Amino acid sequence: MDYHSPASFAEASALAINATGITRFLAGGTDVLVQLRSELVTPDTLIDIKKINGVHDITRNSDGSWTLGVAATGAEMSDHPELGLDWPGVVEAMDLIGSTQVQGRATLTGNLCNGSPAADSVPAMVAAGVTVTITGPEGVRDMAVEDIPTGPGKTALAKGEVISAINIPARGENGGDAYLRFIPRTEMDIAVVGVGVNLRLDGDTITEARVSLGAVAPTVLLVDDAARAIIGTTLDDAALDALAAAASGACNPIDDKRGTIAFRTEVAGVLAKRTAKIAYARAKGEQA
Amino acid sequence: MSKLHVTTTVNGDEVEYLCDPRETLLDCLRDKLNLTGAKEGCGTGDCGACSVTVDGRLVCSCLMLGVEAEGKQIETVEGIADGDVLHPLQKKFIEYAALQCGICTPGILVAAKSLLEKNPDPTEEEARYWLAGNLCRCTGYDKIIRAVMDTAAELREAS
């Protein structure tokens with residue numbers, strides 16, 4: 001295995017383009033090293049992107065949007081004094097992943113590129129409307145997070161393409177986001193169902209919403225029907241029931257020992273209601 | 001591929017080693033530097049027995065490559081005591097008998113020290129969540145948590 005630590009994303013991309021065999025980019029390594037040690041994936045070329053300038057930075061831009069370096073860890077996100085005020089759902093979703101030790105290394109980018117349908121941070125990013133900047137042989141482009149996963153363990157990134165930044169929109173006025181997951185334990189587990197909700201209010205009425213589901217389909221889903229169920233409402237009981245029905249209706253889960261198809265489908269609806277209530281309360285400026 | 005040369009700082013001392021890029025920081029600490037306090041329990045970041053801090057951040061040394069340690073500040077369980085004088089956490093772990101087989105203990109000491117540096121006055125719930133990544137199959141955790149909470153109280157009184 002060749003180990004490289006390039007000084008720029010263009011160099012990282014060039015290394016990947018010219019590499020033969022299996023190539024992996026190394027950010028926090030909490031998935032890549034597990035796969036390496038268990039001999040599931042032994043890369044021929046490992047490209048460590050943490051020596052690139054600015055990859056740990058968490059920056060609020062002048063328009064209120066946020067740019068996160070691709071190696072910014074969960075611990076760094078949770079410790080940031082302002083990011084979690086703007087985007088509590090995104091920060092809490094990331095914070096749910098693994099232990100304190102894993103938080104010291106794990107990144108949003110790695111969680112996304114690992115391609116797990118149950119990745120906790122991905123539904124929260126999808127709901128928040130997060131995009132990623134991709135550096136590749138053709139130059140630099142942006143892509144919505146929901147377009148990155150194409151199946152379990154698979155992404156839309158082509159050979160030589162590497163995510164070079166995470167872009168979170170400006171929070172703006174009267175908005176709130178939240179992420180909840182169901183796990184059989186209290187901590188240190190993988191989502192059986194995850195739900196992200198992000199919405200904006202005009203008075204008591206929801207004017208914008210994005211609803212996403214994790215762990216109930218081969219990829220994380222952006223569920224437009226679920227968003228439509230609550231837009232224009234005050235999140236009354238009828239809207240919540242319509243939201244739950246739309247969320248359950250979008251599910252296409254697997255059946256396994258951690259949750260049956262029927263269970264995951266039911267829980268997606270229940271969690272969607274609870275998550276939306278938290279996002280709504282946050283948009284109203286209430287503690288939730 | 002030939003081995004890579006790494007210079008890093010462990011418990012305040014600059015050290016050098018040659019490593020294969022596939023070797024973890026845990027492998028390098030144990031096999032090259034003879035710092036065998038950090039243990040390999042699972043090797044997949046689930047059990048926390050290999051916990052160390054890197055630039056002040058608690059991590060599993062089994063989930064980090066040896067080459068990634070270049071230029072970093074590493075702290076291991078061997079750096080917790082001051083010579084022959086045990087750290088208050090170590091004294092409390094003995095006083096409370098907060099260990100049985102002892103395999104998890106180095107990782108728990110490193111993790112608990114990291115908690116108390118960040119939060120000198122944790123609630124029991126905060127301590128339990130912070131240490132959720134440190135598995136112990138012997139004690140049932142109660143004595144560990146009592147030892148950590150009592151150490152926190154003692155350190156607060158002392159400061």
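This is a chat about a predicted model with a chain A and a chain B.

Student: Before we start, how are things numbered here, and what kind of model is it?

Tutor: Residues are numbered from 1 along each chain as its sequence is written, while chains are lettered from A and ligands numbered from 1 in the order in which they are written. The model is predicted, so to speak of local features we need pLDDT of at least 70, and side-chain atom pairs count only at pLDDT 80 or more, but totals for chains, interfaces and linings use all residues.

Student: OK, chain A. How many helices and strands are there?

Tutor: Chain A has 11 helices and 14 strands. Those are DSSP runs numbered from the N terminus: helices are H or I with at least four residues, strands are E with at least two.

Student: And how compact is chain A?

Tutor: Its radius of gyration, taken over C-alpha atoms, is 19 Å. The globule rule (2.2 Å times the number of residues to the power 0.38) also gives 19 Å for 288 residues, so chain A is as compact as a globular protein of that length.

Student: What domains does chain A have?

Tutor: Domain 1 covers 2-116 + 131-168, and domain 2 covers 175-283. Such bounds come from an automatic or database domain assignment. The C-alpha centres of the two domains lie 25 Å apart.

Student: How many residues does each domain put into the contact?

Tutor: Domain 1 of chain A gives 14 residues and domain 2 of chain A gives 13. Contact means that the C-beta atoms of two residues, placed from the backbone, lie within 7 Å.

Student: Which element gives the largest share on the domain 1 side?

Tutor: That's α5(A), with 5 residues.

Student: Switching to chain B: how do α2(B) and α5(B) cross?

Tutor: Helix α2 (residues 88-95) and helix α5 (residues 142-158) of chain B have axes that come within 9 Å and cross at roughly 135°. Axes are lines fitted to C-alpha atoms, for helices over the stretch in contact, and angles run from 0 to 180 degrees between N-to-C directions.

Student: What do you call that orientation?

Tutor: α2(B) and α5(B) are oblique to each other. Under 35 degrees is roughly parallel, over 145 roughly antiparallel, 65 to 115 roughly perpendicular, and the rest oblique.

Student: Which residues of α2(B) make that contact?

Tutor: Pro88(B), Leu89(B), Lys92(B) and Phe93(B).

Student: Last one: how many residues does each chain bring where B meets A?

Tutor: Chain B brings 22 residues and chain A brings 22. On the chain B side, β4(B) has the largest share, 4 residues.
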